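Hello,

Here is the structure I promised to pass on to you. Please open it alongside this email, and then read on for what turned up.

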2 protein chains.
Amino acid sequence: MTADPSGMARPATLEDVARVAGVSRATVSRVVNGAHTVDPRLRSAVEQAVSQTGYVPNRAARSLVTRRADSVALVVSERERRAVHDPFIGRMFTDPYFGRVVSGLLEVLRPSGVQLMLMLADDAASRDQLVGYLRQGHADGVVLISSHSADPLPEMLTRARLPAVLAARPADPGPPIAHVDIDQHAGAGLAADRLAALGRTRIGTVSGPLDMPAGRDRLEGFRDALAAHGIHEVAAVEGDFTQAGGAAAMRRLLAERPDLDGLFVASDLMALGALPVLYRAGKRLPEDVAVVGFDDSSAALACDPPLTTVRQPVEEMAAEMARLLLRQIGEPGRTVPSVIFRAELVARQSA
Amino acid sequence: MTADPSGMARPATLEDVARVAGVSRATVSRVVNGAHTVDPRLRSAVEQAVSQTGYVPNRAARSLVTRRADSVALVVSERERRAVHDPFIGRMFTDPYFGRVVSGLLEVLRPSGVQLMLMLADDAASRDQLVGYLRQGHADGVVLISSHSADPLPEMLTRARLPAVLAARPADPGPPIAHVDIDQHAGAGLAADRLAALGRTRIGTVSGPLDMPAGRDRLEGFRDALAAHGIHEVAAVEGDFTQAGGAAAMRRLLAERPDLDGLFVASDLMALGALPVLYRAGKRLPEDVAVVGFDDSSAALACDPPLTTVRQPVEEMAAEMARLLLRQIGEPGRTVPSVIFRAELVARQSA
DNA sequence: TTGTAAGCGTTATCAC
DNA sequence: GTGATAACGCTTACAA
């Protein structure tokens, strides 16, 4: 950063550093890459030259020869956008879940010097382009957040032999691809246990989309645990994991089961939409209706009263995804195991 | 994608395509880059060879020679993390605002074939590293979301002559750097107008952090407009733009001004935290207290009743940032103007 | 342990 | 209009 009077000088290259330090390019390269086979005296000369010139490696040049990008892509895969209703792309981006994933990924990626690229796939063309980029080594691997189980991307990534980790269990007849998830079935069971422990018997649930493994698993887990408590009848309506969808589903559920006293909403965000509907119907929480959510996202605290919910440690899970991905990138061919986290109930005041 | 029996074959290069098409590398490069100086017959031969081989340009190689990365960085700049309370980095990531920005940026960037990298700067070391990367051409420009006005990054980017656009007005004695913002002062005035029109006179406000231009401008704009309505006394407490902070500030405000009948909360997220505090104090909305928020984020709809608020078209603003940045990248040296959007009141049921 | 030199895949400057 | 050919900045055998 020192000798830069012209203001817009060309960034220093390995060659420049070598000249200043009085060694060869190769030696500088070794020092920069932390090789152990360098004379301590030369090393410190090089290190001084590096800071004197403000040298930073050119990633494009490095990438070209190493065939690694030192970056990974966070791919958000969505259904095709609905032209009219969604003026802007990426519904997922405004879900609190997304930010938590980013935070967890960066926690691990940053210390490793790996950059994070953000990509959106929402139709066949964008998926093809995406896989093309990745096959070119533009990114070394993929963390995939998929919003629907018919998504062809996991299959495409597997076939292209690209390191990838899914942010949820893949769809059932899917490729064997590493993923990080919580035990959705058991987690939903905790919600059932809670309602049963409170003596609630007239049970309803706003489920997630049933074409997503998470939606399906939570509904089944809830039902199974309820059955174990001797409750076999449960009114269920399908939501879409959005707040507005939660409100709409709640209205239908209430029409179907006006006397309900125990409610499981399969995501906090949907609960945020559902609660006002309950209030408008004259219900008090938790006296009239005990409500349990799912996620333990910021939406749970946004509820009034604060929502009792099933905690999903999204940041930790994302950090684990990053670790799995880096390992997979580091040891190509070796398949890494999936990791399933345990869910736990966070008791607050709604149930 | 056709001739790929080995599964993990080396991606096709320009050379490969040239061989298949029976032309030179240079011609293929011209076709790929859309040059007009190529014979239509050769062009179509090349195009066929491209799709036959599944060729995708290697960005690293291209970058190396063009000195452009065809990517921009979304930099989130935060104060140093507080070791104990924040187990994970990037508080900004979980703000609904962040997702909206991403969505708006991608809307413009994607069609331009420009990738988005996500970076976090939260201490001196990370800032230096960041500027180093960028000076190396690792990204062509920066969209900066800064969470505090003492942030040295705008200054650093300006000095390094890096194309950059700020997601808000820079701090007052700051570098002349392009930014996109709304007219915060006028926007907050709309909130004041609304409360005045409703006949409210015992006014309070939960402001944003006063060390941020947005926080300061909204408070001043609110006060100035109120004064124009003949209301000169207003109780103000400082919040931090988070939900928990909104709740805490609301408690202090209520202690100071228990009889208040008109409230302006400088962000919807803070309002989400403030409302339950009001309810617990026995206030009804909007009868006892009329409340106006700011942002028109998803949090406004999460409020019960739905929050009357000042709309900030974040997605559109982010799209504009992307456009400004691309223009700045395309015409180096030329400074682009800043863009100030108009705020508007969205009337719902809280005021 | 250090230096030399050969690429990595692309664009761009030339002659043709 | 097309084709050689020389960079771009780096890593990595291989030679010394």
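In which loop of chain A does A:Asp296 lie? It is the loop between E9 and H12. Before you go there, please keep in mind that this is a predicted model. A:Asp296 is worth a look for its backbone: its phi is positive, about 60 degrees, although the residue is not a glycine.

Two other loops of chain A hold cis peptide bonds. One is the bond from A:Leu285 to A:Pro286, with omega near 0 degrees. You will find A:Pro286 in the loop between H11 and strand E9 (290-295). Another cis bond joins A:Asp304 and A:Pro305, where omega is about 0 degrees. A:Pro305 has its place in the loop between H12 and strand E10 (308-311).

Now to the place where the chains meet. On the side of chain A, 57 residues are in contact with chain B, and 58 residues of chain B take part in return. The size of an interface is often given as the accessible area lost when the parts come together. Here chain A and chain B bury about 5,200 Å² between them, and 59% of that area is on carbon and sulfur atoms.

There are polar links too. Between the two chains, 14 residue pairs are in polar contact, and four salt bridges cross the interface. One of the salt bridges pairs A:Arg280 with B:Asp304, whose closest N and O atoms are 2.7 Å apart.

Which parts of chain A supply at least two residues each to the side that touches chain B? Among them are helix H4 (59-66), strand E2 (115-121), helix H6 (124-135) and helix H13 (314-330). Helix H5 (96-109) is also one of these elements, and H5(A) gives the most, with eight residues. Sorted by class, this side of chain A has 28 nonpolar, 16 polar and 13 charged residues.

Finally, the aromatic rings. A search over all chains finds seven aromatic pairs in the whole structure. One aromatic cluster takes in residues from both chains: A:Phe93 and A:Phe98 together with B:Phe93 and B:Phe98. Rings also meet charges here. In chain A, the charged end of A:Arg218 sits over the ring of A:Phe294, 3.9 Å from its centre. In chain B, the charged end of B:Arg218 sits over the ring of B:Phe294, and the distance to the ring centre is 3.9 Å.

Enjoy exploring, and do write back with any questions.

Best wishes

Note on methods
Residues numbered from 1 in each chain as written. Chains lettered and ligands numbered in written order. Predicted model: local features only at pLDDT ≥ 70, side-chain atom pairs only at ≥ 80, totals over all residues. Heavy atoms only, no water. Phe/Tyr/Trp six-rings, centres within 6.5 Å; stacked < 30°, edge-to-face > 60°. Lys NZ or Arg CZ within 6 Å of the ring centre and 35° of its normal. Contact = heavy atoms within 4.5 Å. Buried area = accessible area lost by both parts, 1.4 Å probe. Salt bridge = Lys/Arg side-chain N within 4 Å of Asp/Glu carboxyl O. Polar contact = N/O pair within 3.5 Å; in protein donor to acceptor, adjacent residues only side chain to side chain. Helix = DSSP H or I, 4+ residues; strand = E, 2+ residues; numbered from the N terminus. Nonpolar A, V, L, I, M, F, W, Y, C, P; charged D, E, K, R; others polar.
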